[in-house]
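Work through the following exercises with the model at hand, and compare each step of the solutions with what you find in the coordinates.

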Amino acid sequence: MGTDPHASGAVLVTLALQIMEAGMLAFGGLGVVLDPLQHALVDPGLMSSRDVARSYALSSFAPGPNGPIFLALLGWSSFGLIGVLVAVAAWALPSLLITHQLGRMSNAASHTALGRLLSVLKAAAVGLIFDGVLTLLGSFDLGSPVALTMQVTIALVGSILLIRFRLNPVGLLAAAMLLGAVVH
Amino acid sequence: MFRLGLVSFGGNNALLMTRMVVDEHRWLSPAEMDEALAVATLGPGGNSSNLAYEVGRRLGGVAAGLTAYASMAIPGILLALTVGELILAQASRPMIAGALNGAEAAVVAMMVAIGYRLGQRSLQHRLDWVVALVLFWVVGPMQGSILVIMPVAVALGYLVRSCGWMA
């Protein structure tokens, strides 16, 4: 596919629709829809698989939310700035619309029925947050006992420090990165 | 939000945002922040960007929500577009890989802390524990579809709570 600054509007619309569909189904984040999204973009020739892989690798290292960064890089790799805007907007629109509606509903939760529903939704969110923890634990460096021990120690001690002593999270992040750089 | 976007490795910044919005600036009460976090976690897409939008929306409407969303994403997008290749080229160096491993572990600790914080206030009844554990187990270890299990669990939980079967 490469970099074609004169990509047709029709291709951009198709790209936007594919990303929007993925964004609508991305309950749990980008990882949930990465594989189907890759097929939807690569199979019809909208992107190369190399562009997708490179964009995902870059987005994993960048600070901030993975989804918009990944889509911005994808858009940039094939369509430049207009690609960034279209891809990020297409990704953000479904999640923002649904989040917006859920948020408005929770604002009105003083009503008994909605309050009950919100209580259940909060409980569901707790389960999903710990699923996120499980997913991240799965990506720990199992190949190196030293790295694994360090990661488990940081995760355990860090959790206790954050919960019991209300440690500044940025301080924990900085200390963990420093420790990781030293004990590699 | 721009500042948070720069230090939010791993995509989850709920704890950082809670400290900023609730503890430092007192823009939202802890209960309001819990609601925003629940909404952000349940919506599709990334939790951190959804949370930025929801906090912004509660503080200043849709425009503030969109501004917060953009402020969260723009630093990472700019960094990835400008120095991303450099970072990628260095990522295999042991020292850089070690630092990224450390950051990943710190993000786990932050997620545990925010899950604990939300759970402490939200899991008040046996039913809440059942819903949380079922979702955790089916979506995580069982690899079930969140699209199927979440509406079912929430609908059943709502019905049970409405009928007062599990207090």
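**Exercise 1.** Determine at what angle α3(A) and α4(A) pack and how far apart their axes are.

Solution. With axes taken as lines fitted to C-alpha atoms over the stretch in contact, and angles running from 0 to 180 degrees between N-to-C directions, α3(A) and α4(A) pack at about 140 degrees with their axes 8 Å apart. Angles under 35 degrees count as roughly parallel, over 145 as roughly antiparallel, 65 to 115 as roughly perpendicular and the rest as oblique, and the two helices, α3(A) and α4(A), are therefore oblique to each other.

The model is predicted: local features need pLDDT of at least 70 and side-chain atom pairs pLDDT 80 or more, while totals for chains, interfaces and linings use all residues. Residues are numbered from 1 along each chain as its sequence is written, and chains are lettered from A and ligands numbered from 1 in the order in which they are written.

**Exercise 2.** Identify which residues of α3(A) meet α4(A).

Solution. Taking contact as C-beta atoms, placed from the backbone, within 7 Å, A:Asp51, A:Val52, A:Ser55, A:Tyr56, A:Leu58, A:Ser59 and A:Ser60 of α3(A) meet residues of α4(A), including A:Ile69, A:Phe70 and A:Leu73.

**Exercise 3.** State which residues in α3(A) are buried.

Solution. Buried residues have 20 or more other C-beta atoms within 10 Å of their own; in α3(A) these are A:Asp51, A:Val52, A:Ser55, A:Leu58, A:Ser59, A:Ser60 and A:Phe61.

**Exercise 4.** Find how many residues of chain A are in contact with chain B, and which helix gives the most.

Solution. In chain A, 75 residues are in contact with 86 residues of chain B; to this side of chain A, α5(A) gives the most, with 21 residues.

Conventions:
A residue is buried if 20 or more other C-beta atoms lie within 10 Å of its own, exposed if 12 or fewer, and partly exposed in between; C-beta atoms are placed from the backbone. Helices (H or I, at least four residues) and strands (E, at least two) are DSSP runs, numbered from the N terminus. Two residues are in contact if their C-beta atoms, placed from the backbone, lie within 7 Å.
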